[in-house]
Amino acid sequence: MSADSAPVVTRFAPSPTGALHIGGARTALFNWLFARGRGGKFLLRIEDTDRNRSTPENRQAILDGLTWLGLDWDGEPISQFERASRHAEVAREMLAKGRAYKCFSSQEEIEAFREAARAAGTSTMFRSPWRDVPEANLPDGPYVIRIKAPHEGATTIHDMVQGDVTIGNEQMDDMVLLRSDGTPVYMLAVVVDDHDMGVTHVIRGDDHLTNAFRQKMIYDAMDWDVPVMAHVPLIFGPDGKKLSKRHGATGAAEYQALGYPAAGMRNYLTRLGWSKGDVEYFTDAEARALFDLEGIGRSPARFDTKKLENLSGQHIAAADDAALLHEIEAFLEVNGKTDLSEAQRDGLKRAMYCLKERAKTLPELIEKAHFVLASRPLVADDVAAQHFDSVSRGILSELTPQLQTATWNRDSLEAEVASVAESRGLKLGKLAGPLRAALAGRNVSPSVFDMMLVLGRDETIARLSDAAA
RNA sequence: GGCCCGUUCGUCUAUCGGUUAGGACACCAGGUUUUCAACCUGGGAAGAGGGGUUCGACUCCCCUACGGGCUGCCA
């Protein structure tokens, strides 16, 4: 951060009309990364002015989603609805400055105009007849406050992602700022809030790109500085269509429930639509240091579960054991699974070293941890049970006394097992099957030697005896 | 309809007028192996189409096609 630049302030401004969407999560992530990488602030504003669709449950779901992703915000979330009077105040101020006017056209009149225009194939943009009527000639009755948009010349937005975007001002309409019931519209609320919150960088979905022109009119009318804009393309489903329910999970929290680690999700989402050369894998600290607006792509990216899995696997492998254990417990909890016992938690801790390097997701890791989660007598699943025949039982019982006296480290164990295999003219692979089945009751597990080391001598021998019986 | 944005391997992307168009994921083949995962080696795979500008275009301009957004007293 250069010394002379003002501190960065970004914000995420979701409407609480549903859970935290994957696209929203990435928008939030970009804002968070940008602010946190520059010692700035990341603020949260809940755009809850649509009273019919906004619910406290959704608000909480969004907060929970952000929390899961590790995106911490500064201060309390701001409710846009609660700031309505401030928004109205600004509309009045614009009126006083002559940058806005009272419009007495009724909604019926306007709708009739639009219908006629549609039928005639002409522009449906409504031009209010009240724009230049002197105050003295204004009637009594309900009115809306409209902005006095420039109708000549052109307006340019300097967007960090889209570049300079210009439209002719004949496209600008005198949008409503304050409804006839005195409530503010979204376009006004956003600008006033961003200004009052001191937002320096607006990073949001590119569905707002054309709104930026309307919003700029308000900044200009109020003589406020326009923040730096960055409109980032939306995320699409694997088929290139807008991400929707039929693509499967669309909510951030659903990915937690599916067992993706938050770090993997962050890495994947950061890299989706943003790049820095060939860097693919990075820690949070690296991401904060690397992230910039220049690296954001201009075209929509498709969501690819395979790559998410790959990155998730890398982050699981690199995770701190204790942190990973917490994440596993949170995963179990959101899936309504029962808590881990003290013994299970302890087993997981001891086995973590060999579990985390072979799982791409948390459920995969848990499946491989079965040998340490389950307790005797183990019930082998169908596939594993196929390893138990008279021959393999014989081998297992032959192995037991050897293990009784073996030094309990990897090399010795390997040697013991290898010698038993050799005495029978078998390859290690032949022996590993039944051994794994006896120790884990599953076909999928860590290496048999790792399991023996984690389980310890007594438990190992007990499980082999169980299986040999 | 009008205005605006976008288009490089299957996917995410590098390239910022001169490269055999690079990397990652995925895929295929082979190897290693104790299951799963991982790992090693190799392979196929791209500039939407058409015009310009230029000594030279993936890079700049125009048109078309396709995709997306906005066009509300929704957010």
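## Contacts with RNA strand B

Of the atoms of RNA strand B that lie within 4 Å of the protein, 68% belong to sugar or phosphate, and the rest belong to bases. The model is a predicted one, and in it 56 residues surround RNA strand B, the closest being Arg179, Glu280, Arg358, Arg436 and Phe449. Sorted by class, the protein surface near RNA strand B is made up of 18 nonpolar, 19 polar and 19 charged residues.

A polar side-chain atom of Arg214 is placed 2.9 Å from a sugar or linking oxygen of RNA strand B, whereas a polar side-chain atom of Lys368 lies 2.9 Å from a base oxygen. Asn443 contributes through its backbone, with an N or O atom of that backbone 2.9 Å from a base oxygen of RNA strand B.

## The hairpin of E6 and E7

Strand E6, residues 154-159, and strand E7, residues 163-168, run antiparallel and are joined by 6 bridges, and a hairpin of 3 residues leads from E6 to E7.

Three strands form an open sheet in the order E1-E2-E3, with parallel pairing. Strand E1 (9-12) and strand E3 (78-79) stand at the edges, and because each has a single partner strand, one side of each is left without a neighbour in the sheet. Strand E2, residues 41-46, runs parallel to E3 and is joined to E3 by 2 bridges; the bridge partner of Ile46 in E3 is Ser79.

## Helix H3 and its buried side

Helix H3 covers residues 84-96, and its 13 residues, at 1.5 Å a residue, should span 18 Å, which agrees with the 18 Å that separates its end C-alpha atoms. The buried residues of H3 are His87, Ala88, Val90, Ala91 and Met94. These residues cover an arc of only 155 degrees around the axis, which means that they lie on the same side of H3. An α-helix has 3.6 residues a turn, so residues three or four places apart point the same way. On the other side of H3, Ser85 and Ala96 are exposed.

## Thr270 in helix H8

Thr270 has its place in helix H8, which comprises residues 262-271. Its relative accessibility is 1%, and because buried means under 20%, Thr270 counts as buried. A polar atom of the side chain of Thr270 lies 2.6 Å from the backbone oxygen of Arg266.

Note on methods. Residues numbered from 1 in each chain as written. Chains lettered and ligands numbered in written order. Predicted model: local features only at pLDDT ≥ 70, side-chain atom pairs only at ≥ 80, totals over all residues. Heavy atoms only, no water. Pairing = 2+ DSSP bridges. Helix = DSSP H or I, 4+ residues; strand = E, 2+ residues; numbered from the N terminus. Near = heavy atom within 4 Å. Polar contact = N/O pair within 3.5 Å; in protein donor to acceptor, adjacent residues only side chain to side chain. Nonpolar A, V, L, I, M, F, W, Y, C, P; charged D, E, K, R; others polar. Expected span 1.5 Å × (residues − 1). Buried < 20%, exposed > 50% of the residue type's maximum accessible area, 1.4 Å probe, protein only. Arc of directions from axis to C-beta.
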